[in-house]
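Colleague: Could you walk me through reading a model like this one? I would like the general idea each time, and then the case at hand.

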Amino acid sequence: MNNEEKPASMCGSQRPLMCSLSDSCSGPLVSTLPQSSFQSSSQSSASYAAHNGKLNRRDGAGGWSPVVTEQEPWLQVDLRERMEVTAVATQGRFDSWDWVSSYLLLYSDTGRAWKQYRHEDGSFAGNVNSEAVVQNKLSHSVRTRFLRFVPLDWNPSGWMGLRVEAYGCSYKSYVADFDGRSSLLYRFNQKSMSTVKDVVSLRFKSHQAEGVLLHGEGQRGDYMTLELHRGRLDLYLNLGSPSLLVGSLLDDQQWHAVHVERFNKQVNLTVDSHTQHFHAKGEGHSLEVDYEVTGGGLCARGHRRVTRRKTGFGSNKLGGRGVSLRLRGVNPCPWVFPVLQGNVTFSCSPPQLVACTFLSAAGSFLSLPSAPSPAGDFSARLQFRTWNPDGLLLSAWLNPERRGLELRINGSRLQLTLRGARPRVDDGLWHSVSVSASNQQMTLTVDGITAPVLLFQAIYESSCEAYRLIGSSSGFYSIDPDGSGPLGPTQVYCNMTEEKVWTVLAHNGTAAVAVQGSSLQRPHVTRFDYGASAEQLRAVVTGSEHCQQEVVYNSRTDRPFSSSADGSPLTWWLDRDGEKRSYWVGLLPGVQQCSCSLKENCVHRNYFCNCDADGDAWYTRPPPREDLLIQR
């Protein structure tokens with residue numbers, strides 16, 4: 001992976017994605033496939049199985065037919081690899097009255113998430129008898145691995161019968177698209193290797209401001225991570241240096257080029273021709289990123305690096321929903337093959353949202369039609385970003401009183417106002433005013449005319465940083481991490497004495513607990529109560545730039561990696577998602593060793609943990625810091 005001749009380039013083409021189809025891209029793709037490549041919703045019997053559905057073949061009953069009670073029939077073909085499909089063809093079942101007269105064509109890269117091919121007439125024309133071949137050329141080719149034929153109509157005097165073929169050629173994509181729960185994984189099966197020079201090159205585009213682009217880690221704890229945070233790019237290396245932050249507004253659905261070069265302790269990070277240089281301060285000069293490399297996200301739990309955001313896009317997993325990477329078309333690690341985790345597609349998905357940029361406050365706006373509501377109901381949803389502290393975001397007229405609603409930024413905060421419902425009061429006459437407030441709504445009545453106004457400001461600030469900005473000093477505060485959302489406030493200690501503000505979540509387990517008489521039948525369990533719900537804790541962690549935690553376990557002669565009858569370790573802990581963990585600081589999940597093995601300073605060379613040596617000395621084992629908020 002890391003050498004000058006073959007740079008560590010998970011992704012990295014400097015040229016646009018270009019594909020050309022010649023007349024030769026019309027070869028048969030189905031006829032040579034094995035039986036295992038065929039699946040179906042059902043089959044009338046073994047002789048009507050899906051693998052009998054090859055064009056011009058007479059195997060079995062001469063084609064595929066589902067059971068007569070099938071409500072949603074389909075025949076599926078796995079092309080074994082991603083292919084460029086330019087045409088499809090169908091036949092009925094050999095020497096029978098069974099054929100399909102119209103059908104839909106679905107395609108997928110994974111066999112789980114399907115897309116319908118958009119044909120001019122909606123569906124494809126099928127057969128009028130059992131023997132004639134009807135071929136449909138695709139107006140635009142599709143790049144896919146799986147095809148699914150879905151019958152819509154069939155011979156009314158018979159039943160469904162189908163034999164199929166697809167035509168096209170091999171295809172290699174330069175692009176991979178990820179949904180936040182998916183990634184490309186390269187895992188190495190070789191001895192450890194150490195490098196003094198690394199080169200990583202990739203191109204990406206995303207409409208999400210948070211997500212992991214590339215992560216690599218080694219067998220002995222080294223790591224390298226590239227991730228988006230608040231629309232900027234972070235680079236993490238365990239060479240004794242803080243993360244390096246480059247770029248701005250990189251979640252703009254445009255392609256961005258990233259190039260990382262490291263030689264010994266000198267690191268250069270380039271994003272779109274803008275380069276940052278820094279010199280690592282650690283003692284080491286080399287990296288051992290020789291265990292695995294993932295692109296597009298981290299779908300497996302327990303990875304070593306604590307990145308800024310442990311919570312992904314609605315999935316509690318790191319990843320880049322809507323992130324597309326541009327690949328070179330060659331395997332960056334020729335001795336291993338990538339493993340697709342989750343729904344990886346090899347084409348850029350169209351953006352779900354289209355952004356509009358307004359250049360001036362006076363003459364630049366977007367007007368949208370809306371159907372009038374007799375009851376005056378109104379609903380709108382939008383996303384925005386701006387550097388301006390003041391400006392109008394949205395305005396609308398509400399029926400039936402023709403009240404004007406305005407949503408604007410005023411002094412860098414959102415303000416919602418209702419206009420037109422309040423009469424003028426500068427006429428020298430007496431006016432009656434009534435104000436009432438309840439929960440998040442305030443009602444103002446002037447001369448019998450009532451106007452409800454929503455209150456959006458929370459009672460408590462959302463973070464310790466917000467308290468610092470209003471001049472507060474260190475101390476205990478109640479914070480509301482989701483603002484005016486459904487979560488209530490929780491008490492924390494805000495430490496504002498350092499350059500960065502720290503939010504301290506205390507629990508009930510700060511004192512040492514003696515463990516005696518623990519057994520498999522009655523294990524000792526220590527539980528930690530943080531005085532807040534799991535949702536509140538997750539909201540605090542998600543809104544933080546960095547989180548860390550230590551729970552120290554002191555022991556002697558307890559043999560932590562001695563196993564029970566089912567092979568599970570006798571000592572373990574639960575992370576914030578309730579998952580059982582048995583590894584300790586500096587190690588990878590599943591590695592039954594202590595940190596002394598990683599540092600090669602264990603007291604006894606025959607043991608990978610000092611506690612396994614049955615000595616009388618006390619030893620300390622903290623769990624890794626990346627699995628935050630330990631439950632027990």
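**Reading the model**

Modeller: Buried means under 20% relative accessible area, exposed over 50%, and partly exposed in between, with a 1.4 Å probe and protein chains only. Before going on, note that this is a predicted model, where local features need pLDDT of at least 70, side-chain atom pairs count only at pLDDT 80 or more, and totals for chains, interfaces and linings use all residues. Residues are numbered from 1 along each chain as its sequence is written, and side-chain values use heavy atoms, leaving out hydrogens and water.

Colleague: Where does valine 339 lie, and what is valine 339 in contact with, leaving aside its neighbours within four places in sequence?

Modeller: Valine 339 lies in strand β23; strands are DSSP runs of E with at least two residues, numbered from the N terminus. Contact means heavy atoms within 4.5 Å. Beyond the neighbours within four places in sequence, valine 339 touches Ser183, Leu184 and Leu185 in that sense.

Colleague: Is strand β11 largely enclosed or open, and why?

Modeller: β11 (residues 197–205) is largely enclosed by the rest of the structure, because eight of its nine residues are buried.

Colleague: How should I read strand pairing?

Modeller: Strands of a sheet pair through backbone hydrogen bonds, either parallel or antiparallel. Here, two strands pair if DSSP finds at least two bridges between them. β11 pairs with β16 (residues 256–263) in the antiparallel sense over eight bridges, and lysine 197 stands opposite phenylalanine 263 in β16.

Colleague: Which strands pair with β7?

Modeller: β3 (residues 75–91) pairs with β7 (residues 134–154) in the antiparallel sense over eleven bridges, with glutamate 84 opposite arginine 143. β4 (residues 100–108) also pairs with β7 in the antiparallel sense, over eight bridges, and there tyrosine 107 has leucine 147 as its bridge partner.

Colleague: What is the order of the open sheet of three strands?

Modeller: The order is β30-β31-β32, with antiparallel pairing. β30 (475–479) and β32 (502–504) are the edge strands, each pairing on one side only. Between β30 and β31 (residues 490–495) there are five bridges, and glycine 475 has cysteine 494 in β31 as its bridge partner.

Terms used:
Helices (H or I, at least four residues) and strands (E, at least two) are DSSP runs, numbered from the N terminus.
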